[in-house]
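I opened this entry to keep track of what I looked up in the model. The notes follow the order in which I went through it.

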Amino acid sequence: MSKRTAGIHHITAIVGNPQENVDFYAGVLGLRLVKKTVNFDDPGTYHLYFGNEAGSPGTIMTFFPWPNAYQGKIGSGQVGVTSFAVPVGTLSFWEERLAKFNVSFEKLTRFGEETLQFDDPHGLHLELVERKEGTASSWSFGGIPADKAIKGFGGAVLLTLKPESTMKLLTEGMGLVEIGSEGDFTRFKASDDLGNVIDVKLTPVPSGSMGAGIVHHIAWRAADYEDHEVWREHIANLGYGVTPVKDRQYFNAVYFRERGGILFEIATDPPGFTRDETAEEMGRSLLLPPWLEEKRALIEANLLGAEVRILEEDQS
Ligand code: ZN
């Protein structure tokens, strides 16, 4: 049996203060906060989802903000860099925008593409890359018109303890296609046109550790619930220990750790973020799954603020 994922479904990271997180991803980068909920396994903390206007698979960056978390260490067994795709011809706009918000960045080239690399306030490594493929976002916010907005993920750089095993899984297990190698990276592509470009670093770096400022896991797309069951069996047949199916309210999920140490998830495209609020309302209020609704008062009392707001730099 062979399987092909369309690409990245979402990437989930651990960060610090939730308002700082919202201010950066919504306020500076202009992503839409598409869902404000809690970590279902730890309802004392938020789970914040950002994406394009619809929160489409391939655009969803999610966060567990832990205000008192120790700083994690980026290293092998993690996603090292999360890449966002912007429209062609907009990198200079983004350069000016990052400068305006005092975000220091570096210009680097990988596989012939110029990228802007920078860190979020909690230390996550991010980059922006121009891509012509991928549907434009229709979301505009603050100083970012829709025609310059981030479309979704360009892809990710994987840091693995066992590059050969990880690359074998990507091609033979996940159905990505190897595109080529340059310097210390081999590039792979999945079939969708967002969240589809995966670079594997060929020289392992020291192991990372969990904490704020690191990616927790990367999730890959399954088309529907039936396809998800087939994926689960497929991954188990490849010899990985894979979890039972978990209902994450906006998708179903299974998790497994690949041999290079990175936590992988397979997530279903349906039902998406309009499951419990309308497309227009998404992200404005705290949404809880039915089994946590009775604890709402207690949960709300323990959460810090996380409001989308136009930042001062965009008000003048
Ligand atoms: Zn996930």
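Does Gln 249 count as buried or exposed? I found Gln 249 at 5% relative accessibility, so it counts as buried (buried is under 20% relative accessible area, exposed over 50%, partly exposed in between, with a 1.4 Å probe and protein chains only).

Ground rules, noted once. The model is predicted, so I kept in mind that local features need pLDDT of at least 70 and side-chain atom pairs count only at pLDDT 80 or more, while totals for chains, interfaces and linings use all residues. Residues are numbered from 1 along each chain as its sequence is written, and side-chain values use heavy atoms, with hydrogens and water left out.

Entry: backbone angles. I looked up Gln 249 again for its phi, which is near 75°, a positive value in a residue other than glycine. Gln 249 sits in the loop between strand S14 (246-247) and strand S15 (251-257). Helices (H or I, at least four residues) and strands (E, at least two) are DSSP runs, numbered from the N terminus. Phe 111 is not a glycine either, and its phi is positive at about 50°. I placed Phe 111 in the loop between strand S6 (105-110) and strand S7 (113-119). I also noted a cis peptide bond between Pro 270 and Pro 271, with omega about 0°. Pro 271 belongs to strand S16 (residues 263-271).

Entry: the zinc ion. Which protein atoms are its donors? I listed His 10 (NE2), His 217 (NE2) and Glu 265 (OE), at 1.9 to 2.0 Å from the zinc ion. Donors are N, O and S atoms within 2.8 Å of the metal (3.2 Å for Na, K and Ca); water is not among the atoms, so sites may look incomplete. Along the chain the donors have the spacing H-x206-H-x47-E. His 217 in strand S13 (residues 214-222) and Glu 265 in S16 are 48 residues apart, a pair that links distant parts of the chain. His 217 is buried at a relative accessible area of 5%, and Glu 265 is buried at 0%.

Entry: helix H4. I read H4 as residues 225-237, 13 residues, reaching 18 Å from first C-alpha to last, close to the 18 Å expected at 1.5 Å a residue (the expected span is 1.5 Å times one less than the number of residues). Its buried residues are Asp 227, His 228, Trp 231, His 234 and Ile 235. They cover an arc of only 120° around the axis, so they lie on the same side of H4; the arc is that of the directions from the helix axis to the C-beta atoms. These buried residues pack against helix H3 (163-173), S13, S15 and S16. The face turned away from the buried side carries the exposed residues Glu 226 and Asn 237. After H4 comes Gly 239, with a positive phi near 95°.

Entry: a loop glycine. I located Gly 123 in the loop between S7 and strand S8 (125-130). Leaving aside neighbours within four places in sequence, Gly 123 is in contact (heavy atoms within 4.5 Å) with Gln 71, Ile 74 and Gly 213.
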